[in-house]
Amino acid sequence: MINIGEAAKLTGLSVKSIRYYHDIGLVCAERGDNGYRYYNHIQLDELHFLHHCRELGFSLEDCRALLNLKSDTGRCAEDVKRIANVHLAEINRRIEQLSQLKQQLSDLIDHCAGGAQPDCAILKGLSGK
């Protein structure tokens, strides 16, 4: 059993994140007589798992579902794949949106002559003129 500070060091999560995960019931620590949270190897594994899920951008809802599926030995891999596919589709949607934003901003910058004159194509473009 290790304390929350050690759990943070071992998992790469912040103490604040670990407390939050405890508070929302994702990974519940055991409480000592002193009220401190203590984590066993199973809970550390769950924290590692959550850290990786969050690094991949999964929502907390998805993390909860994936963690539940991970602990369910009778799980259906298709359920896991569905969650991952939905997340991948969202990532692709955001990439497309960012690509469009990049092109719009590049066009605004290309149309701005810069220099000391007050006329600025970027400001006109942002104003919709």
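This is a predicted model: local features need pLDDT of at least 70, side-chain atom pairs count only at pLDDT 80 or more; totals for chains, interfaces and linings use all residues.
**Entry 1: helices H4 and H5**

I began with helix H4, which covers residues 60–71, and helix H5, which covers residues 77–111. I noted that their axes come within 10 Å. The axes cross at roughly 160 degrees. Angles over 145 degrees count as roughly antiparallel, and H4 and H5 are therefore roughly antiparallel to each other. I recorded the handedness of this crossing as left-handed.

I then looked up the residues that meet. On the H4 side I found Asp 62, Ala 65, Leu 66 and Leu 69. On the H5 side I found Asp 79, Val 80 and Ile 83. Sorted by class, the contact of H4 with H5 has 5 nonpolar and 2 charged residues, and no polar ones.

**Entry 2: helices H1 and H3**

Next I turned to helix H1, residues 4–11, and helix H3, residues 41–55. Their axes also come within 10 Å, and I noted a crossing angle of roughly 50 degrees. Angles under 35 degrees count as roughly parallel and those from 65 to 115 as roughly perpendicular; H1 and H3 are therefore oblique to each other.

Which residues of H1 meet H3? I listed Ala 7, Leu 10 and Thr 11 in H1. Their partners in H3 are Leu 44, Leu 47, His 48 and His 51. By class, I recorded 4 nonpolar and 3 polar residues in the contact of H1 with H3, with no charged residues.

Terms used:
Residues are numbered from 1 along each chain as its sequence is written. Side-chain values use heavy atoms; hydrogens and water are left out. Axes are lines fitted to C-alpha atoms, for helices over the stretch in contact, and angles run from 0 to 180 degrees between N-to-C directions. Helices (H or I, at least four residues) and strands (E, at least two) are DSSP runs, numbered from the N terminus. A crossing is left-handed if the near helix is turned anticlockwise from the far one by less than a right angle, and right-handed if clockwise. Contact means heavy atoms within 4.5 Å. Ala, Val, Leu, Ile, Met, Phe, Trp, Tyr, Cys and Pro count as nonpolar, Asp, Glu, Lys and Arg as charged, and the others, Gly among them, as polar.
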